[in-house]
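Dear colleague,

Please find below the structure for your attention.

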Amino acid sequence: MNRPAPAKADEPAPAKAAEPAHADEPPVHAAEPAHATERAGAPAREGRRLRPRLASAPTPYLRLLTATQFAFNIGFYAVLPYLATHLGSGLGMAGWLVGLVLGLRTFSQQGLFVVGGALTDRYGPRPVVLAGCALRIAGFGWLALAGSTATVIAAVLLIGFAAALFSPAVESEAAREAVRHERDTGTPRAHVLALFSAAGQAGAFIGPLLGSLLLLLGGGFRAACLAGAAVFVGVLAGHARLMPRATSVRDRAADPVTEQGEAPAPDAITRTAQPARSPWRAVFTNRAFLLLCLAYSSYLVAYNQLYLSLPVEVERATGSGAALGWLFALSSLLVVVAQLPLTRWSARRIAPRTALVTGLCTVAAGFAAVPLTPAGPGGLLPGAALVVLLTLGQMLLVPAARGLVPDLVEDRQLGLATGALSSVSGIAVLAGSAATGALLDAPAPVRWAVLAAVPLAGAALTFTLPAGRGGKDRRTRAVAG
């Protein structure tokens, strides 16, 4: 029985954001889940090999998932870029407290991402997505009215946990459907997932512009929150009507990406049959993997400054936060245009460790450039320099970090390790945000020098890691993205 060729080692994962890797986070590139990628080697239909097509119309379900990613990011990015300014100037919070609030939001999402994935496996994607949308609506509505520290913290925790529910549900379904579409039509899954990621970036491009427009029209932060809530009301209504009532992953009788009744792939049998020590213990006592988590955390702490230090810099330079949306749009546009070519070049030319070090150093250069760049037109050049360099660094280091994971852990621990990478980073952002928020009152050269030192420290840690091959083999490479 013929099998399609495995994913090429130098084929990059399609672009996602983004915390950071998930909706609502740094626009990073969605790595395919291990279970979806393992099934890439599922047999083609009996007696023929499907020829890849450059384009094939996605199924209605894929179109729904793609539109979902687009809408998620419109609603989210209409609000988040303006949160730090609202907390500081609008509510009078101290810089360290602003940083703590933003860190709590990131932690409630990143740190709990594995919860959303586990619930999706248990109950299926539909109830998890609907619950996440409902919580996001409540969170944005609460944040629009919140006037005290306690209510603001509760609202941002609710907003973050909502994303921890719907993001893994939608992304895992998109990967699963992309594999099924590849089997049925021959269209490479990378093309489908690239469209999914591009939709997310388009939403991240439009969302800040919507928020800026509302600020310019005098609606203020409350109007941005209500607009974001309205977007999620539409998403909730659409999914309640259109999203299929799929069973949970663990209860599905047949493999969703193989023909009914076919035997699972041999490597899948091996993975389930192998007894081993606790995967949690194996992952969290793995020194090299924990060092990778710390290095990656330094990037996320730095990326969080787009929501903390950048708004302060823009308001200092222009007297208003209205221009912030254009800088976020610039970041999204860079990812849309340059991510795939840059990742393809990096995968072919340099080792993952080198790409990770280079990316972290580029992020550090972005912070160092702020006090050195002339103000220029509108006073936005320093902020633009930070956004461009930080985004370029992100595009280099995120795929490299994910490519190193399968070199550091056993294959059967890839899922847990990938979730742990996000969760450990979320804890680091929580711990680092209050500290970096306190720097807002420090002299500019000191503030930007300390911020530049964070990714530089991560780069130094990276030198202790193996160079990496982007995966033990081609199949593992595809898993890691």
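Is the crossing of α6 and α9 left-handed or right-handed? The model is a predicted one, and in it α6 passes α9 in a left-handed crossing. The axes of these two helices come within 8 Å and cross at roughly 160 degrees. Angles over 145 degrees count as roughly antiparallel, so α6 is roughly antiparallel to α9.

On the α6 side, the residues in this contact are Arg 126, Val 129, Leu 130, Cys 133, Arg 136, Ile 137, Phe 140, Leu 143, Ala 144 and Leu 145. Their partners in α9 include Phe 221, Arg 222, Cys 225, Phe 232 and His 239. By class, the contact of α6 with α9 comprises 17 nonpolar, two polar and three charged residues.

Cys 133 has a relative accessible area of 0%, and the cut-off for buried is under 20%, so Cys 133 is buried. Cys 225 likewise counts as buried because its relative accessibility is 0%. As to disulfides, the count for the model is zero.

Helix α9, residues 220–242, also packs against helix α2, residues 60–77. Here the axes come within 8 Å and cross at roughly 160 degrees, which means that α2 is roughly antiparallel to α9. The crossing of α2 and α9 is left-handed. From α2, the residues Leu 64, Thr 68, Ala 71, Phe 72, Ile 74, Gly 75 and Phe 76 take part, and they meet Gly 228, Val 231, Phe 232, Val 235, His 239 and Leu 242 of α9. This contact of α2 with α9 holds nine nonpolar and four polar residues, and no charged ones.

A further helix pair is formed by α15, residues 352–372, and α18, residues 444–462. Their axes are 8 Å apart, and the packing angle is about 170 degrees. The pair α15 and α18 is therefore roughly antiparallel. Among the residues that α15 brings to the contact are Arg 353, Leu 356, Leu 360, Cys 361, Phe 367 and Pro 371. From α18 come Trp 448, Leu 451, Ala 452, Pro 455, Leu 456, Gly 458, Ala 459 and Thr 462. The classes in the contact of α15 with α18 are 16 nonpolar, two polar and one charged.

Which residues does Gln 305 touch, not counting those up to four places away in sequence? They are Leu 310, Pro 311, Phe 367, Thr 436 and Leu 451. Two of these partners, Phe 367 and Leu 451, also belong to the contact of α15 with α18. Gln 305 itself is found in the loop between α12 (287–303) and α13 (309–318), and Gln 305 counts as buried because its relative accessibility is 1%.

Pro 311 is in contact with Thr 85 as well.

Two other positions concern α6 and α7. Ala 146 lies in the loop between α6 (125–145) and α7. At a relative accessibility of 8%, Ala 146 is therefore classed as buried. Beyond four places in sequence, Ala 146 touches Leu 91, Thr 151 and Val 152. Ala 146 and Leu 91 are 55 residues apart along the chain, and their C-alpha atoms are separated by 9.5 Å.

Leu 158 is located in helix α7, residues 149–185. Apart from neighbours within four places in sequence, Leu 158 is in contact with Leu 135, Ala 138, Gly 139 and Trp 142. Between the C-alpha atoms of Leu 158 and Ser 108, the separation is 7.8 Å, and the two residues are 50 apart along the chain.

Yours sincerely

Notes:
Residues are numbered from 1 along each chain as its sequence is written. This is a predicted model: local features need pLDDT of at least 70, side-chain atom pairs count only at pLDDT 80 or more; totals for chains, interfaces and linings use all residues. Side-chain values use heavy atoms; hydrogens and water are left out. Helices (H or I, at least four residues) and strands (E, at least two) are DSSP runs, numbered from the N terminus. Buried means under 20% relative accessible area, exposed over 50%, partly exposed in between (1.4 Å probe, protein chains only). Contact means heavy atoms within 4.5 Å. Axes are lines fitted to C-alpha atoms, for helices over the stretch in contact, and angles run from 0 to 180 degrees between N-to-C directions. Angles under 35 degrees count as roughly parallel, over 145 as roughly antiparallel, 65 to 115 as roughly perpendicular and the rest as oblique. A crossing is left-handed if the near helix is turned anticlockwise from the far one by less than a right angle, and right-handed if clockwise. Ala, Val, Leu, Ile, Met, Phe, Trp, Tyr, Cys and Pro count as nonpolar, Asp, Glu, Lys and Arg as charged, and the others, Gly among them, as polar. A disulfide is a pair of cysteine sulfur atoms within 2.5 Å.
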